[in-house]
Each structure stands twice: as C-alpha cells, then as structure tokens.
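The following exercises concern a single protein model. Each task is followed by a solution in steps.

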Amino acid sequence: MKKALTIAGSDSGGGAGIQADIKTFSAHGIFGMSVITAVTAQNTMEVRSVQAIDTAIITDQIAAIFEDIHVDAVKIGMLGSKEIVETVADALTPYLPLNVILDPVMISKSGHHLLDERAVTALKTELLPLATIVTPNIPEAEVLTGLSIRTEQDFYKACLSLTELGSNAVLLKGGHAMGNPNDLFYDGTNFHWIKGERIDTKNTHGTGCTLSSAITSNMANGLSLRESIEQAKLYISEAIRNSFSIGAGHGPVHHFHSFAKKERSESI
C-alpha cells in the first residue's frame, strides 16, 4: 500500500482539512498519515476559533514519520502563520520528498482568513520552491502573484508568475470564475485546460482540500502529474455531485461516493 502524508489543520466539522485529506487518501487505497498544524473549531457555517500547534510539535511530527515510514507523496494545506510555514519548510527539506502538492489555503468557505500576510510572503519564498505543484484557486493566486485574474489570458499569466516564484507546476482552479469551473494546468512547459462542470449545490465544503488530496493520492499511486490531475478532477466532480447536507451551512462533498454507488447497485 502506498503512503501519503497531509500537513494541514484539523476541521472539527469533518468536511475539510486533515479529515477530508485522510478520507480522500482512504478512498484511493492510500495509507494516510498526518501532521496537524492547527486545531479549528468549525462547522458548516463558520470557523469559530483557531489554535495553532506549537512549532516544536510540528517538527517532531514530521521527523517521526519520515524517520520511520516511507512517504510516497506529501500534501500541504492550512499552515496559518509565518512561523509554521518556515517550520514546515525547514523540517521537510532534509527528506526531499519526491511529490509535494501545495494547496495554499488562505480563506475558509465561510470567509475566515486562515493565512496572514507575513505567512504569504514566507510561503512564496520558503515553500513554493519545494512544491512539485501548487493548486491555488483564483483569489489565492491573486494574492500570491499580485495579478487580477479575470480572463483566460490572466490565467496563463498567473501560472507563469507562480512558476517564476519557484513551483515546478501549477493547477489554477477556475471554480470562482463565471461559467464552468475549468482549471488551467501548467507543467512548466505546456498549458492544458482541465474541463469541469458547474454542479448546482451549496455543499462544497472541503473541495480544495479534497482535490489536492486526490492529486496527492494519484501521484503516490504512480500516475503522472497530468493523469493525477485529470483523475482527481473526475473524483471531485462526482464527490460534489453526490454531496449532502449536514447542518445549516455548506455541507461536505461525498468522499466515498464510488463505494456508496457500489453498495446501492449490489442491493438492487
């Protein structure tokens, strides 16, 4: 069994963060491990509070895993502060993981800011150069590049800018654009549009975490970067299509939708 590590925050509501990552790994047949960077008190409506984990504990979590277990791929999500960004970069550097998927989580679905300005600067200088691929949505890419992203040409410029900052490749997600949520993948040489379908639902909590974790899972399983992205796009689309309502806000996507479909078909 391949093994993947998520470095991210915990979501008490279970729809995003570490919880979404581990569910996604499991759905792909991957053994999931975690380094928790923060504990959040949140539900489908809000992030109520955030408690950062001590940086020494974060360093120890990373070292404990890499010193004992082979890691096939690493997903990095919510970090929160400059100190945690620098800690994760410093702790990962000695191990040089082959596949590093960086999801620059900045704002929660409810609008809570999860990354401060000092942390954004550190992320650009310390973590982007370690990333195999970075997977920002449009608002995140605008913060990282300082560009306004409205047109297709803006997508191309932003991808080029992000690789100039150090990332080997970019998946710029189009969910915040008008029309269908088409994503632009830039592998450092060529551009590829990954087509998507706009699905009418409010239950999209954890989509970014889930997509990046699906890419991580596919890369751990040996797929190429482009294949990993294309398969992850199909997975998240079906997870959104089969999403469900819990609570009064944005419900979660269905990480185990393929298993649920199989169970339904076998019961008929």
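**Exercise 1: Helix α5 and its ends**

Just after α5, Gly146 adopts a positive phi of about 75°. The model is a predicted one.

Task: Determine which residues of helix α5 are buried and which elements they pack against.

Solution.
1. Helix α5 spans residues 138-145, and its buried residues are Ile138, Glu140, Ala141, Leu144 and Thr145.
2. These residues lie on the same side of α5, because they cover an arc of only 160° around the axis.
3. The packing partners of the buried residues of α5 are α4 (117-127), α6 (152-164) and β7 (170-172).
4. At the start of α5, the backbone nitrogen of Glu140 has a side-chain oxygen of Asn137 within 2.9 Å.

**Exercise 2: An aromatic pair**

Task: Classify the aromatic pair of Phe66 and Tyr95, and state where the two residues lie.

Solution.
1. The structure holds six aromatic pairs. In the pair of Phe66 and Tyr95, the centres are 4.8 Å apart and the planes are at 15°.
2. Planes under 30 degrees apart count as stacked, and the pair of Phe66 and Tyr95 is therefore stacked.
3. Phe66 belongs to helix α2 (residues 55-66) and Tyr95 to the loop between α3 (82-92) and β5 (100-102), so the pair ties together parts 29 residues apart in sequence.
4. Phe66 is buried at 15% relative accessibility, whereas Tyr95 is partly exposed at 30%.

**Exercise 3: Gly196**

Task: Is Gly196 buried or exposed?

Solution.
1. Gly196 is located in the loop between β9 (191-194) and α7 (207-220).
2. Buried means under 20% relative accessible area; Gly196, at 17%, is therefore buried.
3. Beyond four places in sequence, Gly196 touches Asn180, Pro181, Asn182 and Lys233.

Notes:
Residues numbered from 1 in each chain as written. Predicted model: local features only at pLDDT ≥ 70, side-chain atom pairs only at ≥ 80, totals over all residues. Heavy atoms only, no water. Helix = DSSP H or I, 4+ residues; strand = E, 2+ residues; numbered from the N terminus. Buried < 20%, exposed > 50% of the residue type's maximum accessible area, 1.4 Å probe, protein only. Contact = heavy atoms within 4.5 Å. Arc of directions from axis to C-beta. Polar contact = N/O pair within 3.5 Å; in protein donor to acceptor, adjacent residues only side chain to side chain. Phe/Tyr/Trp six-rings, centres within 6.5 Å; stacked < 30°, edge-to-face > 60°.
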